[in-house]
Each structure stands twice: as structure tokens, then as C-alpha cells.
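User: Hey, I've got a new structure to look at. Please walk me through it, and start with any labels I'll need.

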Amino acid sequence: MSLTITSQPQEFTPAYNDQYVCATSTLYTQPNFKYTVTVTVNGSVAHTEGILPRPDGSMVFNAMKWVENYITHYFDPEHTTNFFVATGKTANVSISILEDYGASPVPSATTITYTAFDACLTESEFRDYDHENYISGGNSNVTFLGQSFSQLMVDSRVGLNQQLWLHFTLGDIASIDMVYSDGVNPNQFVSLTPILGSPSNVYDVYCVDAGSWQFSGVTNGATVSIEFIDALSNTLASYSYTITSICTKYTDVPVYYLNRFGNIPFFHFDKKSTEKLTKKINTVRLGKNQLVSGSYTSNSWDREVHVVSTESTKSGVLNTDWITESQSTTLQDLFDSPIVHKLDGTTYIPITVKETTYDFKKRVNDKLFNYSIDFEYTDTKLRQRGI
């Protein structure tokens with residue numbers, strides 16, 4: 001074949017990082033030669049482009065800006081039974097390259113395929129990227145989109161009746177067994193099975209809620225183990241956490257956020273929190289006098305300035321307890337995350353972090369430090385007109 005692919009994205013690649021395809025053709029000296037590249041995502045043509053060859057006959061194409069549009073940041077906190085495909089968290093990509101120079105018959109195109117997933121790695125992380133470290137396979141290899149369980153648990157305190165979201169590719173995982181043990185009462189068991197996608201893709205990202213709410217009568221200090229089981233009932237991997245009753249005189253506010261790997265970790269903001277309401281009004285000034293029985297007059301309660309619209313936005317400040325230097329570094333993901341939710345009881349409320357700068361705390365400079373965020377609710381409340 002006259003076309004050679006010299007570089008392409010790995011078969012499971014982060015959607016928000018470069019997706020370079022490099023190719024070269026021995027036919028590039030043909031008159032009017034160009035490479036016609038077609039990007040197809042989830043079965044739909046997303047982009048077609050003609051690319052002239054470089055002086056050495058090669059071609060370079062980056063599919064990222066078309067592929068990333070098909071990622072939809074799936075999050076459904078009410079889907080808590082079994083584990084299921086996180087719809088929209090991956091995109092199936094096909095890139096075909098045609099050597100186009102007016103030949104008849106038209107030569108066959110060369111096609112590559114891969115799956116892009118909801119991640120945006122740092123430059124250093126992507127430089128060393130190996131998709132095998134981001135997918136679950138056999139031989140006790142269960143990974144949470146490139147993160148270990150301990151890395152995902154930025155805040156290890158899983159509260160009473162709290163949700164804990166895990167994201168992973170299926171690999172050899174056939175079921176997940178959860179065991180609750182408080183050392184006093186008989187253990188409680190929960191077994192979860194996958195709800196397969198239709199059609200099913202080997203690199204679909206699955207989501208499971210492994211939180212303490214799965215059990216009844218949970219108590220402080222009890223442990224929950226999470227075992228990933230294959231079809232032969234072998235344990236692929238096992239993790240555990242301790243249920244912690246957050247002790248604070250303030251209101252504990254868990255904040256969930258999308259991190260760079262596509263996971264949704266949480267952090268407890270259990271110190272003083274405040275909220276305020278800010279309004280924006282539009283007014284119009286009208287004459288208040290009216291013609292009444294031949295006299296141009298007004299009443300004392302008549303208005304001259306009328307409110308046409310009122311928009312109110314609620315914002316606030318959240319504070320953590322003392323945190324570690326490692327947690328301070330990791331919480332940068334919360335600072336610049338595009339999706340953040342504040343948990344109010346059992347209700348997830350979308351918020352936006354308002355800070356524009358983030359200070360990395362170091363023990364050598366500060367012996368004790370905490371983390372504070374200014375946030376704003378994403379909805380705007382309207383009031384009736386005053387005319």
C-alpha cells in the first residue's frame with residue numbers, strides 16, 4: 001500500500017489532549033495530490049478536510065477539536081442501582097485518509113479507529129501516557145481511568161449515607177461485591193452487576209455508586225470493602241474505606257467535582273460557610289401624575305421609578321478543615337473544574353467556583369492551612385415586574 005500511518009492516537013485516549021495522525025504517501029508527487037481526511041465520531045461525519053503534503057510528502061492532522069465536542073460529561077446521581085455505562089463519557093472515533101489526486105478508480109482509504117474518553121491530562125501526564133494504565137484488564141488490574149483508589153479518595157472520609165462514585169472500563173469485571181462490617185452486627189452484603197451498553201463497546205466507561213448509603217443502619221467507624229469479581233468468581237481487586245461521621249459545629253458540605261481524569265471525587269467543606277444574595281435590577285422612570293376629573297395629579301403611593309426586571313444570584317464561601325500539602329496540590333482539580341456540585345442533604349446543586357487564582361500551600365511556608373472557595377449558584381432567580 002502506498003500510504004503509511006507513522007503515528008496515531010492510542011486506542012483509548014483522552015479526548016481533551018492532542019490526537020495527532022501522521023501519514024506519508026509514495027504518491028505525493030502526483031499532480032494535484034492531497035490527503036482527504038474524514039473524521040467520523042459515533043457514526044456521524046464530524047469533519048472532512050483536504051490537506052496538502054509537506055515537502056517530504058508527509059501529513060499531520062489533529063482530530064482533538066472535533067472529537068471533544070462529542071463528550072458530554074455524564075453525571076446522574078439518581079442512577080444508583082448496579083453499575084452502568086456513563087453515556088457520553090466516551091466517543092468512538094474513525095479517521096479515514098484518502099490519497100486524492102483524481103485517479104480512477106478512486107483508491108481505497110486507510111482507516112484508523114480509537115475511543116476517546118472524558119479526560120484532559122496535564123502536559124507531563126500526557127507525555128508519558130500509556131492507555132494500558134487507564135483501562136481495567138485481567139491479572140488484578142482494576143484502575144479508575146488511570147487513578148488508584150487512594151488517589152481518587154482525595155478526602156478519605158466517607159460520611160454516613162454518602163455516595164462514592166467510581167468510574168472504570170469493564171475489562172474482566174463481572175460483578176462488584178460490597179461488604180459492610182461494624183464489628184457488632186452481622187455483616188451486610190450488596191452485589192452489583194453491570195447494565196451493559198447497547199451496543200456495547202470494549203472501552204465503554206462504567207460508573208458505580210459504592211457509597212455507604214448502600215447499607216442500612218451505618219455507624220461511625222464501620223468499614224466497607226469493595227471487591228471486583230470476574231466471571232470465574234476470582235477477586236480482581238479489593239478496596240476498602242472507613243465510614244466517618246464528620247464532627248463539626250458547622251454544616252458539613254461535601255463538594256463533588258469532575259477531575260482531569262474524568263472521575264468525580266469529593267471533598268468535605270466542614271468549617272464555617274456563608275451565603276449571600278446579589279440582585280441586579282432594571283428600572284424605568286415614568287411620570288406618576290394622571291389626569292383625574294380634569295386635574296393632573298397623583299397619589300402619595302404612586303411610583304415614579306418602576307422595576308422592570310429583577311435577577312437574583314446566590315453565592316457563598318466554603319471552608320475546609322486543615323488539609324495536607326498533597327491535598328492542597330490535588331485540589332487544584334476542584335479550582336479549575338468545569339463541573340462542580342454542592343451536596344445539600346441529598347440534593348446535588350450545581351455551582352461555579354469564582355476564584356481566578358489558586359495558591360499552592362507548602363508546609364515549609366505554612367505549618368497549618370485550609371482551603372476556601374468562593375462559589376456562585378448557576379441558576380438565576382427572577383421576580384415579577386413592578387409596573
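Analyst: Labels first: helices (H or I, at least four residues) and strands (E, at least two) are DSSP runs, and they are numbered from the N terminus. Also keep in mind that this is a predicted model.

User: What's the phi of Asn-161?

Analyst: Phi is positive there, about 55°, although Asn-161 is not a glycine. In general, most residues other than glycine have a negative phi. Ser-233 also has a positive phi, near 70°, and is not a glycine either.

User: And where is Ser-233, and is it buried or exposed?

Analyst: Look in the loop between E15 and E16. Ser-233 has 60% relative accessibility, so it counts as exposed, the cut-off being over 50%.

User: Switching topic: what's the volume of the largest pocket?

Analyst: About 390 Å³. Asn-161 turns up again here: 19 residues line this pocket, and those closest to its centre are Asn-161, Gln-162, Leu-343, Gly-345 and Thr-346.

User: How many of the lining residues are nonpolar, polar or charged?

Analyst: The lining has 7 nonpolar, 10 polar and 2 charged residues.

User: What about the largest nonpolar core, how many residues are in that?

Analyst: That core has 43 residues. Those with the most contacts inside it include Leu-166, Phe-168, Ile-176 and Tyr-241. Several elements supply at least two residues each, among them strand E7 (83–85), strand E11 (175–181) and strand E15 (223–229). The biggest giver is E16, with 4 residues.

User: Which residues does Ile-176 touch?

Analyst: If you skip neighbours within four places in sequence, Ile-176 is in contact with Phe-83, Phe-168, Val-190, Ser-191, Leu-192, Val-208, Ile-226, Glu-227 and Phe-228. There's also another core apart from the largest one, with 23 residues, including Leu-3 and Phe-33.

User: How many aromatic pairs does the structure hold?

Analyst: It holds 26. One of them is Phe-83 with Phe-168, a tilted pair at 5.8 Å centre to centre, with 55° between the planes. Those two are 85 residues apart, with Phe-83 in strand E7 and Phe-168 in strand E10, so the pair links distant parts of the chain.

User: Why does Phe-83 count as buried?

Analyst: Because its relative accessible area is 0%, and buried means under 20%. Phe-168 is buried too, at 0% relative accessibility.

User: Which residues do ring pairs link into a cluster?

Analyst: Phe-12, Phe-117, Phe-126, Tyr-129, Tyr-134, Tyr-203 and Phe-261. Tyr-129 is also in contact with Gln-10, along with Tyr-114, Asp-130 and His-131, leaving aside neighbours of Gln-10 within four places in sequence.

User: And where's Gln-10?

Analyst: Gln-10 is in the loop between strand E1 (3–7) and strand E2 (12–14). Gln-10 counts as partly exposed because its relative accessibility is 27%.

User: Last one: how far is Gly-287 from Tyr-129, and where is Gly-287?

Analyst: Their C-alpha atoms are separated by 69 Å, and they are 158 residues apart along the chain. Gly-287 lies in the loop between strand E19 (274–285) and strand E20 (290–292), and at 69% relative accessibility Gly-287 is exposed.

Definitions and conventions
Residues are numbered from 1 along each chain as its sequence is written. This is a predicted model: local features need pLDDT of at least 70, side-chain atom pairs count only at pLDDT 80 or more; totals for chains, interfaces and linings use all residues. Side-chain values use heavy atoms; hydrogens and water are left out. On a 1 Å grid over the protein atoms alone, a cavity is a set of points where a 1.4 Å probe fits but cannot get out, and a pocket is an open set with protein on both sides within 12 Å along at least five of seven lines; lining residues have an atom within 4 Å of a point. Grid points are joined across faces, edges and corners, and a volume is the space filled by probe spheres set on the points. Ala, Val, Leu, Ile, Met, Phe, Trp, Tyr, Cys and Pro count as nonpolar, Asp, Glu, Lys and Arg as charged, and the others, Gly among them, as polar. A nonpolar core is a set of buried Ala, Val, Leu, Ile, Met, Phe, Trp, Tyr and Cys residues joined through side-chain atoms within 4.5 Å. Buried means under 20% relative accessible area, exposed over 50%, partly exposed in between (1.4 Å probe, protein chains only). Contact means heavy atoms within 4.5 Å. Rings of Phe, Tyr and Trp (its six-membered ring) pair if their centres lie within 6.5 Å; planes under 30 degrees apart count as stacked, over 60 as edge-to-face and the rest as tilted.
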